[in-house]
Amino acid sequence: MVAQLIDGKVFSGRVKARVGEVVRRLKADHGLTPGLAVVLVGEDPASEVYVRNKGIATRDAGMVSLEFKLPASAREAEVLDQVRELNADKDVHGLLVQFPVPDQVSQQTVIETIDPAKDVDGLHPLNAGKLASGIPGFVPATPSGCLIMAKEVAGGDLSGRHAVVIGRSNLVGKPVAQLLLGENCTVTMAHSRTRDLPGLCRQADILVAAVGQPEMVRGDWIKPGAIVIDVGMNRLPAPERGPGKTRLTGDVAFDEVKEVASAITPVPGGVGLMTVACLLRNTVMAACRQAGVAIPADL
Ligand SMILES: NC(=O)c1ccc[n+]([C@@H]2O[C@H](COP(=O)([O-])OP(=O)(O)OC[C@H]3O[C@@H](n4cnc5c(N)ncnc54)[C@H](OP(=O)(O)O)[C@@H]3O)[C@@H](O)[C@H]2O)c1
């Protein structure tokens with residue numbers, strides 16, 4: 001069997017189109033233009049690319065994009081002051097700090113300083129707790145993207161399926177597991193101490209890999225017909241492309257796994273593209289909530 005390719009461009013294009021349409025209506029009907037502020041501390045080149053791409057996508061959707069850059073030497077207090085200033089800014093509906101931050105700044109303190117009502121990355125403990133409790137809040141963008149993809153290729157209903165999530169980070173693994181549980185999957189979470197990971201994965205109807213280990217998941221770990229969502233983004237040297245060049249690869253050995261799975265996300269071109277789209281969606285939700293406007297059902 002050769003798996004169906006879950007094309008991130010198609011899926012994210014649909015989410016972005018809905019976001020763009022809702023933004024247009026919010027402007028016309030309520031004079032509301034959602035605004036997203038991104039704070040970047042330091043000059044990490046990968047982070048600069050992510051921030052630039054978020055800015056482009058935000059503007060393309062008709063929203064306001066604000067970027068704030070602080071030097072790598074910035075003290076934690078300066079970063080927190082910037083966050084508090086944006087918390088208080090009525091034109092900023094969504095606010096995120098691009099991670100990682102330099103060592104002198106506590107990531108957790110930054111997360112806890114962001115107003116939960118503007119926390120479009122969904123990392124504040126209040127939003128994580130709401131997700132775990134089944135209460136509407138903000139769900140991290142990458143897990144949201146994973147769920148949209150898995151649910152659609154499964155025909156809209158994941159009930160009773162066994163989902164195995166490899167990785168237990170607050171950013172990906174835990175929220176993905178919560179979302180799958182909310183869809184009535186039987187969820188198993190795996191991590192670096194899990195015994196017989198290949199055997200466990202072979203029981204999965206849905207396998208989500210969020211590990212950070214290039215091509216760790218092999219073809220013989222996959223139950224025939226499983227849906228495989230590869231969150232991994234690993235940069236490997238690619239000298240064949242020229243000196244200093246790199247290539248992006250996932251946590252799944254794509255060429256092997258596509259022979260066994262029923263559907264699979266590629267890397268690049270899969271989950272990564274959904275992340276920005278779902279972030280935009282969260283920003284629109286934040287703007288609606290802050291303005292007291294009902295979140296449109298078609299968002
Ligand atoms: N596509 C996107 O937009 C997007 C967004 C976010 C992240 N990512 C990518 O997704 C991957 C995971 O990100 P993350 O932030 O969740 O990473 P993370 O915080 O480093 O967490 C990695 C998880 O994988 C587990 N793990 C590590 N080695 C393992 C092994 N050999 N066997 C089983 N489990 C293992 C760890 O277990 P322990 O807890 O036991 O240490 C941990 O729970 C990375 O490649 C990252 O770049 C992609």
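Is Arg14 buried, partly exposed or exposed, and at what relative accessibility? The relative accessibility of Arg14 is 36%, and Arg14 therefore counts as partly exposed (buried is under 20% relative accessible area, exposed over 50%, and partly exposed in between, with a 1.4 Å probe and protein chains only). The structure is a predicted model, in which local features need pLDDT of at least 70 and side-chain atom pairs count only at pLDDT 80 or more, whereas totals for chains, interfaces and linings use all residues. Residues are numbered from 1 along each chain as its sequence is written, and side-chain values use heavy atoms, with hydrogens and water left out.

Arg14 takes part in a salt bridge with Glu152, with an N to O distance of 2.8 Å (a salt bridge is a side-chain nitrogen of Lys or Arg within 4 Å of a carboxyl oxygen of Asp or Glu). Glu152 belongs to helix H6 (residues 141-153) and Arg14 to helix H1 (residues 8-30), so the pair ties together parts that are 138 residues apart in sequence. Helices (H or I, at least four residues) and strands (E, at least two) are DSSP runs, numbered from the N terminus. Glu152 is partly exposed, at a relative accessible area of 42%.

Helix H6 also holds Lys151, which forms a salt bridge with Glu183 at 3.2 Å between the closest N and O atoms. Glu183 lies in the loop between helix H7 (173-182) and strand E6 (186-190), and this pair links distant parts of the chain, 32 residues apart. Lys151 is partly exposed at 27% relative accessible area, while Glu183 is buried at 19%. A further salt bridge joins Glu259 and Lys258, again with the closest N and O atoms 3.2 Å apart; Glu259 is partly exposed at 39%, and Lys258 is partly exposed at 22%. Glu21, Arg24, Arg25 and Asp298 are linked in a network of salt bridges. The count of salt bridges comes to ten.

The ligand is surrounded by 22 residues, the closest being Arg168, Ser169, Ser192, Met233 and Thr275 (a residue is near a molecule if one of its heavy atoms lies within 4 Å of it). The shell around the ligand comprises ten nonpolar, eleven polar and one charged residues; Ala, Val, Leu, Ile, Met, Phe, Trp, Tyr, Cys and Pro count as nonpolar, Asp, Glu, Lys and Arg as charged, and the others, Gly among them, as polar. Helix H10 (residues 271-291) gives the most to this shell, with three residues.

Polar contacts (pairs of N or O atoms within 3.5 Å; within protein, one must be able to donate a hydrogen and the other to accept it, and residues adjacent in sequence count only if both atoms are side-chain atoms) were also examined. A polar side-chain atom of Thr275 is 2.7 Å from an oxygen atom of the ligand. The protein covers 70% of the 930 Å² of accessible area that the ligand has on its own (Shrake-Rupley method, 1.4 Å probe; for residues, only the protein chains shown count as cover).

Thr265 is located in the loop between strand E11 (263-264) and H10 and is buried, with a relative accessible area of 1%. A polar atom of the Thr265 side chain lies 2.8 Å from the backbone nitrogen of Asp230. Ser144, in helix H6, is buried at 12%.
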